[in-house]
Amino acid sequence: MIFVTIGTQISFDRFIEAIDEVATLIDEPIIAQVFKGSYQTKNVKTVDFLNPDEFNKLMEEARLIVGHAGMGTILSALKYEKPIIIFPRMASLGEHRNDHQMVTAMRMNELGYVHVAYDRKQLKALILNKDLQPLKKLNSNPSNNMIDFIINSVIKR
Amino acid sequence: MGNKVKLLAVASIGGHWIQLLRIINPNNAEVSVTYLSTHPKCEGMVEGQKFYTISDFSRWNFYKLIPAFFRALKIIQKERPNIVISTGAAPGLVVLLAAKFLGKKTIWVDSIANVQHLSLSGNIASKFVNQTFTQWESLKTAKILYAGNVLEQ
């Protein structure tokens, strides 16, 4: 199963439309979490708001995650060690307030955590690649170092 | 080591919340944590720990910050944390303001999504909180500190 997610803040029709198109070329089921879009999918099952438990369950069950370049989406996919393709929102198309998703996508790709598609064609090629593997993993043993450093910056113990 | 540090950890549902949970290590014996988020369903991710909600808002419905501010005052007075920490977004900023008003230590950790510069909320927070953190070393300054990030954490 492929789990597609666009977060819970703004619609992302350009992306959902592209996913709907690719869906005709593959047999694998796709579940897409959408938000207030006007585009009606023909080939993909969509759900609106997912609570964190439902969201995590789909993340866990999926073979592949395809999403906008939100850090919630990226961190969740990495936590479940799933391959993830991200498709950044563009401010010029009214998909976000600014282009930070483009920058996030580029940086996360440079660091080796995600696959990135910047347009429909790249998105299609990545989804059709059946052997897409998870990339770099998150550190699975969070230490106290970061929170201790943060706390010690304001309090003496 | 003295008594446990009491932390109130605040974030909106979504990426901010997921980052907050990665930063706060629930197994840290020296810290006790109360969580505050913008959706009741977030509680399922911090089961068995103290959890409150506050209403969500953004720059598009900013009038909601007034009741949120008063609710934050109440929660802080009840929980009496030593430190209030937020990863964003706007509701976290309001909780930090309430914490500041009540004389608590306040910390802003800017989202890792802000690669090139601090978020708008982070910039505002940096004007009044005790300490602001960025998750990118390249954005570190004399005033904005870097303590690592949620990927390597």
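Colleague: Among contacts in chain B between residues at least 6 apart in sequence, what share joins residues at least 24 apart?

Modeller: In this predicted model, 54% of the contacts in chain B between residues at least 6 apart in sequence join residues at least 24 apart. A contact here is a matter of C-beta atoms lying within 7 Å, and the separation is counted along the sequence. For chain A, residues 24 or more positions apart account for 56% of the contacts with a separation of 6 or more.

Colleague: How should I read the order of helices and strands, and what pattern does chain B follow along the sequence?

Modeller: Begin with the totals, which for chain B are 4 helices and 7 strands, and then go along the sequence, where the pattern is β-α-β-β-α-β-α-β-α-β-β. The radius of gyration of chain B is 14 Å, close to the 15 Å that the globule rule gives for 153 residues, so chain B is as compact as a globular protein of that length. Along the principal axes, the C-alpha atoms of chain B fill a box of roughly 40 × 40 × 30 Å.

Colleague: How many helices and strands does chain A have?

Modeller: Chain A comes to 6 helices and 6 strands, and from the N terminus on its elements run β-α-β-β-α-β-α-β-α-β-α-α. With a radius of gyration of 17 Å, close to the 15 Å that the globule rule gives for 157 residues, chain A is as compact as a globular protein of that length. Its C-alpha atoms fill a box of roughly 60 × 35 × 30 Å, again taken along the principal axes.

Colleague: What percentage of the residues in chain A is buried?

Modeller: A residue is called buried if 20 or more other C-beta atoms lie within 10 Å of its own. By that count, buried residues make up 39% of the 157 residues in chain A, while 50% of the 153 residues of chain B count as buried.

Colleague: Where the chains touch, how many residues does the contact take from each chain?

Modeller: The contact takes 29 residues from chain A and 40 residues from chain B. On the side of chain B that touches chain A, helix H1 (15–23), strand S4 (83–88), strand S5 (105–109) and strand S6 (131–134) each supply at least two residues, and H1(B) gives the most, with 5 residues.

Terms used:
Residues numbered from 1 in each chain as written. Chains lettered and ligands numbered in written order. Predicted model: local features only at pLDDT ≥ 70, side-chain atom pairs only at ≥ 80, totals over all residues. Contact = placed C-beta atoms within 7 Å. Rg over C-alpha atoms; globule rule 2.2 N^0.38 Å. Buried ≥ 20, exposed ≤ 12 C-beta atoms within 10 Å, placed from the backbone.
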